[in-house]
Amino acid sequence: MNKAPIARDLAQMGKLVAQNHGWAAAKAFKSSTMTHDDGVAVSKAGLDLLRVFPASPDEAPLMSAALAVRLEGALSAPAYVVAGTLAVEGTPVLGDRRAFDPAIAFAGEAPRFNGHVWLMVGDIIIDIALFRLAYSAEGPAVLSRHVDLAFGPGKALFVDLWKHAARLGLNYEPHYVLSSEEVTRLMGGAFHAIKAAQG
C-alpha cells in the first residue's frame, strides 16, 4: 500500500520520483524545467494524441502514459507520470486523497485507480485529459463549471506551473510516480484503445 503523504512541494515530489526512479533522477527532477522547444514538442505531441485517442470516462491514465512515451527523448528533462488527486478550490473532484496500492492500481493495461493522472517535468504540470474531461458529459460538474469560468471553451492541453495551477483553483496533489514498467503497460492499453477506435 502506498503510504506516502500527498506531495505539496518539489522536495516531497522528489521523494516520490526516487521510489521508482532512484535518487539521481529525483535530484535532477527538482531542478528540471521546460524550454520553449520543449513546450512546442509537448503541444504537438499532445494535440496529435488528442486527435486519435477515443473519448472514454477514464482516459487520463492511458492518455498520460501515451504522451509520456511519445515525449521520451524529445524533451530536455524527463516527463514523469503522476497519479493523485485533482481538487478544485481545495475540494477533491478526481480522487479522494486516500492511500492506494500501486501494485493493484497499475498492474495491467486497464488501470484500477480512483483518481487522476498527469505528467510533471520539474514543477510544470502537463494534463492532457483535463479539458476533454471537463467538457464531457462524464466530467464532474464542479470541474466542468470551474473550467468553463476559468478557461472558457475550446481548450485542449493544460500546461502550467504547479503553483500557478493552484492559483487558478486547480490543486494537483501527487500521491505516486509511476515506474517505467507501469507506464509501458498503460501505453499498451492506450495503443489497443486507439486501434479499436480506428476499427
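**Note on the predicted model: strands, a helix pair and an aromatic cluster**

1. Strand β3 (residues 116-121) is mostly covered, with 6 of its 6 residues buried. Buried means under 20% relative accessible area, exposed means over 50%, and partly exposed lies in between (1.4 Å probe, protein chains only). Strands (E, at least two residues) and helices (H or I, at least four) are DSSP runs, numbered from the N terminus. Both faces of β3 are covered. H116, W118 and M120 are buried on one side, and V117, L119 and V121 are buried on the other.

2. A word on the basis. This is a predicted model, in which local features need pLDDT of at least 70 and side-chain atom pairs count only at pLDDT 80 or more, while totals for chains, interfaces and linings use all residues. Residues are numbered from 1 along each chain as its sequence is written, and side-chain values use heavy atoms, with hydrogens and water left out.

3. Which strands pair with β3? Strand β1 (residues 80-88) does, in the antiparallel sense, over 5 bridges. Two strands pair if DSSP finds at least two bridges between them. V81 has L119 in β3 as its bridge partner. Strand β4 (residues 124-127) also pairs with β3, again antiparallel, over 3 bridges. There, M120 stands opposite I125 in β4.

4. The hairpin of β3 and β4 has 2 residues between the strands. G122 takes a positive phi near 55° in this hairpin.

5. I124 lies in strand β4. Is I124 buried or exposed? I124 counts as buried because its relative accessibility is 10%. Not counting residues up to four places away in sequence, I124 touches M34, L119, V159, D160 and L161. Contact here means heavy atoms within 4.5 Å. S144 is 20 residues from I124 in sequence, and their C-alpha atoms are 22 Å apart.

6. Strand β6 (residues 170-177) is mostly covered too: 8 of its 8 residues are buried. β6 runs antiparallel to β1, joined by 7 bridges. V88 has L170 in β6 as its bridge partner.

7. Next, the aromatic rings. The count comes to 12 aromatic pairs. Rings of Phe, Tyr and Trp (its six-membered ring) pair if their centres lie within 6.5 Å; planes under 30 degrees apart count as stacked, over 60 as edge-to-face and the rest as tilted. F131 and F158 form an edge-to-face pair, 6.2 Å centre to centre with 70° between the planes. This pair links distant parts of the chain: F131 is in helix α6 (residues 130-135) and F158 in strand β5 (residues 158-161), 27 residues apart.

8. F131 is buried, at a relative accessible area of 3%. F158 is buried at 4% relative accessibility. F158 also pairs with F151: the ring centres are 5.9 Å apart and the planes stand at 80°, so this pair is edge-to-face. F151 is buried as well. Ring pairs link W118, F131, Y135, F151, F158 and Y172 into a cluster.

9. Last, a helix pair. Helix α4 (residues 60-71) packs against helix α9 (residues 180-198) at an angle of about 110°, with the axes 8 Å apart. Axes are lines fitted to C-alpha atoms, for helices over the stretch in contact, and angles run from 0 to 180 degrees between N-to-C directions. The two helices are therefore roughly perpendicular. Angles under 35 degrees count as roughly parallel, over 145 as roughly antiparallel, 65 to 115 as roughly perpendicular and the rest as oblique.

10. Which residues of α4 and α9 meet? P61, L62, A65, A66, A68 and V69 in α4 meet V183, L186, M187, G189 and A190 in α9. The contact has 10 nonpolar residues, 1 polar and no charged. Ala, Val, Leu, Ile, Met, Phe, Trp, Tyr, Cys and Pro count as nonpolar, Asp, Glu, Lys and Arg as charged, and the others, Gly among them, as polar.
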